[in-house]
Amino acid sequence: MIHRSTMPSLLICMIASFASIYVAGRLWQNTEDRIYLVKELEKLTGQGQSSLSVDDTLKVIACREQRKKLDTLEMELSTARKEGFVSNHATETNRTYSKRKPLVVIGIFTKFGSKNSRDAIRRAWMGTGTALRKMEETKGIITRFVIGRSANRGDSLNEDIDRENWQNNDFVILDDYAEPSEELPMKSKLFFAEAADKWDAYFYAKVNDDVYVNIRAFGATLTTHLDKPRVYIGCMKSGKVFSQPNHKWHEPEWWKFGDKKAYFRHASGEMYVISGALAKFISINKFILGTYGHADVSAGAWFIGLDVKHVDEEKFCCSSASPGALCAVV
């Protein structure tokens, strides 16, 4: 009986010994981890001793990692600004568009009651359906009619445009802009902002709906300017500022143009092009960019104080019979 009772006791003693060794080993390992963390903290803070707990130490290390990530993002933002406000991480999220970066997004400014003009443009150089998509995929040229909404949101004008867009899928509809309106500069601003947010293109163009464009020559001309990060291309002009309220071309802000009352150089509103960086600039600053009495003057004003290459392109003079012109007003 004595021998039998001794065996369980010995077994219990052995189990207790192994358990003590295991617990002691774990405590020693935790101690080593704590000593390591304290030493790492001393290296990071430059202090010989630290009164911080292990939890606080982990928080400090995590904060420093977050700081490194923040520094990296700030460097990327600085680089993006230098390159023209375009982030290297910008990606196209709309799966309906090609991953290939478009050459240009053309906005054809139109209005209510101009369906005949739009249909004529579709037949002449814009295309519809498969032809329109093929031009986007093969030439990188995206073309859309640009129009706002009727001031009376429930009338037939909005319904007609929605129906036409459903049939052709070739509109950019500016919901925050009322047609017809004297605020044409606002229409330009909203178009460039919305187009830049929707498509990441090399260029963005504004064209009137009475202008016919040689689309092949237009694309070829733009490719010669791909080396310019910030460029403003058009038929550059100036002109007299009219202060008389009853004048057709009255300028409400006439006093800002000095004693000679002459506009600065700007592109004709019939057709002009800006680079992607400038479109992004408009998108970012659309709420603080001022406007003048005319849309083309306003666009020129947005770029006058920036490091922008102004290109006086004779081929964009649509109203004149200039040799080699790639557009014509009809």
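**Entry 1: a term I needed.** Before looking at the strands, I wrote down what handedness means for a crossover. Point the strands away from you: if the path from the first strand over the helix to the second runs clockwise, the crossover is right-handed. I also noted that this is a predicted model.

**Entry 2: the β-α-β unit.** I then looked for such a unit and found that β2, α5 and β3 make a right-handed one. I checked how its two strands sit together: β2 and β3 pair in the parallel sense over six bridges. One pair I picked out was Phe145 and its bridge partner in β3, Phe171.

**Entry 3: the whole chain.** I stepped back to get the overall numbers. The secondary structure comes to nine helices and nine strands. The chain has 330 residues, and buried ones make up 39% of them. I looked up the surface too: the chain exposes about 19,900 Å², with carbon and sulfur atoms supplying 55% of that. Then I looked at contacts between residues at least 6 apart in sequence, and 73% of these join residues at least 24 apart.

**Entry 4: strand β2 and Thr143.** How many residues of β2 are buried? I got ten of its ten, so to speak a mostly covered strand. I zoomed in on Thr143, which is found in β2 (residues 141-150). Its relative accessibility is 0%, and buried means under 20%, so Thr143 counts as buried. Leaving aside neighbours within four places in sequence, I found Thr143 in contact with Ile106, Ile108, Trp125, Met126, Leu132 and Met135.

Entry 5: β1 (residues 104-109) and β2 run parallel, and six bridges join them. Ile106 is the residue I found standing opposite Thr143. I also followed Ile108, which has its place in β1. Ile108 is buried, with a relative accessible area of 0%. Again leaving aside neighbours within four places in sequence, the contacts of Ile108 include Ile121, Trp125, Thr143, Phe145, Val207 and Asp209.

Entry 6: I looked at Asn169 and found a phi near 50°, a positive value in a residue other than glycine. Where does Asn169 sit? I found it in the loop between α5 (156-168) and β3 (171-179). Asn169 counts as partly exposed, at 47% relative accessibility.

Entry 7: In α7 (residues 215-223), I listed the buried residues: Ile215, Phe218, Gly219, Thr221 and Leu222. Looking down the axis of α7, I saw that these buried residues fall within an arc of 160°, so they line one face of the helix. For α9 (residues 295-303) I got nine buried residues of nine, so this helix is largely enclosed by the rest of the structure. Among the buried residues of α9 are Asp296, Ser298, Trp302 and Phe303.

**Entry 8: the disulfides.** How many disulfides does the structure hold? I counted two. A reminder to myself: a disulfide is a covalent bond between the sulfur atoms of two cysteines.

One of them joins Cys235 to Cys317, with 2.1 Å from S to S. Cys235 lies in strand β6 (residues 231-240) and Cys317 in the loop between β8 (309-312) and β9 (327-329), so the pair ties together parts that are 82 residues apart in sequence. With 90° about the S-S bond, this link is right-handed. I checked both ends for burial: Cys235 is buried at a relative accessible area of 15%, and Cys317 counts as buried at 11%.

The other is formed by Cys318 and Cys327, with their sulfur atoms 2.1 Å apart. Its torsion about the S-S bond is about -95°, so this disulfide is left-handed. Cys318 and Cys327 are both buried.

Definitions and conventions. Residues numbered from 1 in each chain as written. Predicted model: local features only at pLDDT ≥ 70, side-chain atom pairs only at ≥ 80, totals over all residues. Heavy atoms only, no water. Buried < 20%, exposed > 50% of the residue type's maximum accessible area, 1.4 Å probe, protein only. Helix = DSSP H or I, 4+ residues; strand = E, 2+ residues; numbered from the N terminus. Arc of directions from axis to C-beta. Disulfide = S-S within 2.5 Å. Contact = heavy atoms within 4.5 Å. Pairing = 2+ DSSP bridges. Areas by Shrake-Rupley, 256 points an atom, 1.4 Å probe, with all protein chains shown as cover.
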